[in-house]
Amino acid sequence: MSEKLWIFDTTLRDGEQVPGCQLNTQEKIVVAKALEELGVDIIEAGFPISSPGDFNSVLEISKAVSNPIICALSRAVEKDIEVAAQSLKFAKKGRIHTGIGVSPYHIQFKLRSTPEDIIARGVAAVKFARRFVDDVEFYAEDAGRADEDFLNKIIEEVIKAGATVVNIPDTTGYCLPEQYGAIIASLRNNVPNIDKAIIATHCHNDLGMATANTVSGVQHGARQVEVTINGIGERAGNTSMEEVVMAIKCHKSIDVHTEIVTPRIYNTSRLVSKLMNMPVQPNKAIVGRNAFAHSSGIHQDGVLKHRENYEIIDPKDVGVGESTIVLTARSGRAALKHHLDALGVELEGEALREVYEEFLILADSKRDIGRKDLLGLVGKYVEDSNFIELGKVTYSSNGTIQAQVSLKIGDEEHTSTAHGNGPVDAVLKAIEKSAKPAVELEEFLIQAITHGSDDVAKVHMRLIKGDKPYYGFASHTDIVLASAQAFVDALNKIPVKEYATA
């Protein structure tokens, strides 16, 4: 029987330290409930002494969720610990997380102290926290750069004082996986009472090693991992929860298990991204929009024949509907046939070869191949009555935002008017009135391509129809027009048979 690995999520504390990503209390409750449904074991809900808002968030999250342990952070200061305890008064299961810096840098330059004093302060903090809760976690800040003998000694002493969990942070993201694993192994081998506490990892990503270091820590005996959704956090971020969970799920040789409901990973990732206004990078492992996208012909052929040829994770295991076969100049015949089949066009043999040769010429000159392009290649564009062409787009503000959009859908002309929270919202609603796509706009990103007040904006959209994603792209100096073009671009990639279903 494998051992349980405790998932300690610090999205709402360390993750929220990203500039511009602060959440209000109600938003934090929404995330906390999503984390509970995801199956995390501990939610670090905030640093109560830092602000009234943080205190209130810990208090309200404690009321809102039942299953996870609710953790409040503090320094090794009595007032911090008292306030943390007060914030946890409604928690069904509460934990105080207290600690102090342990590296020579922190002891000498930050705390201006001595090793002996640091041990005394750490022990006193744990003993004081135990007056309020039975579950006390001690963090040895900057343990990744600490003296090994000193780290072993302070961990031994805080466990004697009552620490139930000992957190070994690589605060600066300095360690290599073998170094971090060796630190955990040293604690296991040299701290006589280490069996009285759970060893926790807390790794930062300054050198891109956070996930690797965390997994190494687990391999050497850590049984709690401190992580965030999407790997968000201070500087280059924290360890990504989804990466660690899926790495362990993929590698059965790591004899631990988690309680994470992995099909909820993707939606939780998108929720955090949306609320924090922090886009997930396209190539982000597990949850990036390209994580299960294939554009190389060799890869596409392999995936279409047998998914595991090029995917070690089934997209459905993390809540993604299916892999994406993207048509580019590098795509092969298998990918082209896959897309033509979806449009109801069946080609084989010489006919497929001829269309493929024409496709390559088109793909060399056009970055994004859509439904109109494919149907044009096979001479069936005239039969496609659902293709949308964007016409005139106007919008105005006279107390409320109003937009008017002209569309040509097949052979029919349509004009619709709609109101919205802003010009983009109004324009998209006007398009929906005429096109009636019954889609969910899941992702909407705007990026500046050039510099200056005349910037060209690139818009990316991800629409969901049924369980399938459809992507739209456009660029223009007018952000509203670019948004309309990207929306229509995505709609035009939905096959007619899918478009007809609600």
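What relative accessible area does Lys-4 have?

Reply: Lys-4 has a relative accessible area of 23% and is partly exposed. Buried means under 20% relative accessible area, exposed means over 50%, and partly exposed lies in between, with a 1.4 Å probe and protein chains only. The model is predicted, so local features need pLDDT of at least 70 and side-chain atom pairs count only at pLDDT 80 or more, while totals for chains, interfaces and linings use all residues. Residues are numbered from 1 along each chain as its sequence is written, and side-chain values use heavy atoms, with hydrogens and water left out.

Lys-4 forms a salt bridge with Glu-259, and the closest N and O atoms are 3.7 Å apart. Because Lys-4 belongs to strand 1 (residues 3–4) and Glu-259 to the loop between strand 10 (256–257) and helix 10 (265–275), the pair ties together parts that are 255 residues apart in sequence. The term salt bridge denotes a side-chain nitrogen of Lys or Arg within 4 Å of a carboxyl oxygen of Asp or Glu. Helices (H or I, at least four residues) and strands (E, at least two) are DSSP runs, numbered from the N terminus.

Across the whole structure, a search finds 33 salt bridges. Glu-242 and Lys-284 form one through their side chains, at 2.9 Å from N to O. Since Glu-242 lies in helix 9 and Lys-284 in the loop between helix 10 and strand 11 (293–294), this pair joins parts that are 42 residues apart in sequence. Both Glu-242 and Lys-284 are buried. A further salt bridge links the side chains of Lys-305 and Asp-301 (3.0 Å, N to O). These two residues lie four residues apart in helix 11 (residues 297–305), about one turn of the helix. Lys-305 is exposed, with a relative accessible area of 64%, whereas Asp-301 is partly exposed at 27%. Elsewhere, salt bridges that share partners join Lys-153, Glu-156, Glu-157 and Lys-160 into one network.

The protein is divided into domain 1 (3–276), domain 2 (293–378) and domain 3 (388–498), with bounds that come from an automatic or database domain assignment. The C-alpha centres of domain 2 and domain 3 lie 25 Å apart. Their contact takes eleven residues from domain 2 and 14 residues from domain 3, where contact means heavy atoms within 4.5 Å. The protein has 17 helices and 18 strands, and of its 502 residues, 53% count as buried.

The nonpolar interior follows. A nonpolar core is a set of buried Ala, Val, Leu, Ile, Met, Phe, Trp, Tyr and Cys residues joined through side-chain atoms within 4.5 Å. The largest core has 88 residues, and those with the most contacts inside it are Leu-151, Ile-154, Ile-155 and Ile-168. Domain 1 (3–276) and domain 2 (293–378) both give residues to this core, so it lies between them. Apart from it lies another core, of 30 residues, among them Ala-430, Tyr-470, Ala-474 and Ala-490. Leaving aside residues up to four places away in sequence, Ile-168 touches several residues, including Leu-151, Ile-155, Tyr-180 and His-202.

Most residues other than glycine have a negative phi. Arg-235, however, has a positive phi near 55°, and it is found in the loop between strand 9 (224–227) and helix 9 (241–250). At 49% relative accessibility, Arg-235 counts as partly exposed. Ala-438 likewise has a positive phi, of about 50°. Its place is the loop between helix 15 (423–435) and strand 16 (440–448), and Ala-438 is partly exposed, with a relative accessible area of 49%.
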